[in-house]
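Work through the exercises below with the sequence and the structure at hand. Try each task before reading its solution.

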Amino acid sequence: MADLLLPPVCIACRARIGGHGLLCGACFAKIDFIAPPLCARLGVPLPYDTGEPHLSAAAMASPPVYDRARAMARYSETMRDLIQSFKYRDRQEGLALFSRWLAKAGAELLADADLIVPVPLYRARLWWRRFNQSAMLAQGVSRLTGVPADCFVLARVKRTASQVGLTAEQRRRNVAGAFKIAPGRAADVRGKAIVVVDDVITTGATAEACARVLKRAKAARVDMLALARAIEPAAFVL
Ligand SMILES: [Zn+2]
């Protein structure tokens, strides 16, 4: 509440603006929003529209474990700063805006979803950061869409090293076995269309690890939804 008494500032650069929890025009212009045509599986932009659902070369070469992924923007420097400030500096003022962005980017996935599940943090880290940003995003999207969020059905059982600076292969090994269905909760996953929410998809190693666990528990569908996605130039080659 105290925040609302202060003059509104841009959630990225702190410049004075007209309303709370928003970006200034300059920061907004720096965000590279992902727009159709998209790869039906990976959600990465494709160079042209053939008028039918199609796949990127990356999705065909190595199909992901999850069914579909969607992200709001390319993981640029601006998005990295925004997400880092949300994650590490307890700056929750962006939550409402981020939730709206996720609901929009994930509209197709959320339309007939049964459950929204955040990528869980390891408990010690959760305590250290005081909150799980993915859980907050999942609850924000749930409020906007009416799709229930369950922040406890998926658990992180392995303390993983930070993924920053690791190669794709190192990231895969790092998160292998890191997630499990919480004890006694398998029935809540079976047959369900699930949307897993995370802040960023980089190599997709975490997304794959979560999807693998949920699919093994017989989830009918597992889609990934993130604020930002790292997009490799190779994804553009059809
Ligand atoms: Zn700004």
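**Exercise 1. Describe the chain as a whole.**

Solution. Of the 238 residues in the protein chain, 49% count as buried. The model is a predicted one. Its secondary structure comes to 10 helices and 6 strands.

**Exercise 2. Work out the order of the strands in the open sheet.**

Solution. Step 1: look for the pairs. Strand β1 (residues 68-74) is joined to β6 by 6 bridges, and the two run parallel.

Step 1: The 4 strands form an open sheet in the order β1-β6-β5-β2.

Step 2: find the edges. β1 and β2 each have a single partner strand, so one side of each is left without a neighbour in the sheet. From one strand to the next, the twist averages 20°.

**Exercise 3. Is strand β6 enclosed or open to the outside?**

Solution. Step 1: recall that a residue is buried when its relative accessible area is under 20%. Step 2: apply this to residues 221-229, which make up β6; 9 of the 9 are buried. Step 3: conclude that β6 is therefore largely enclosed by the rest of the structure. Step 4: look at what lies across the strand. Helix α5 (residues 95-105) lies across β1, β5 and β6, at about 130° to β6. Helix α8 (residues 133-145) lies across β2, β5 and β6, and runs at about 130° to β5.

**Exercise 4. Which elements build the largest nonpolar core?**

Solution. Step 1: start from the residues. This core has 35 residues, and Leu154, Phe179, Val189, Ile194, Val196 and Leu214 touch the most other members. Step 2: assign elements. At least two residues each come from β1, β2 (115-118), β4 (179-181), β5, α10 and β6. The largest share, 7 residues, is supplied by α10. Step 3: inspect one member. Leaving out residues up to four places away in sequence, Val189 touches Val153, Ile181, Ile194, Leu214, Ala217, Lys218 and Ala219. Step 4: check for a separate core. Another one, of 33 residues, lies apart from it and includes Leu95, Leu97, Trp101 and Val141.

Technical notes. Residues numbered from 1 in each chain as written. Predicted model: local features only at pLDDT ≥ 70, side-chain atom pairs only at ≥ 80, totals over all residues. Heavy atoms only, no water. Buried < 20%, exposed > 50% of the residue type's maximum accessible area, 1.4 Å probe, protein only. Pairing = 2+ DSSP bridges. Core = buried A, V, L, I, M, F, W, Y, C linked by side-chain atoms within 4.5 Å. Contact = heavy atoms within 4.5 Å. Axes fitted to C-alpha atoms, helices over the stretch in contact; angles between N-to-C directions.
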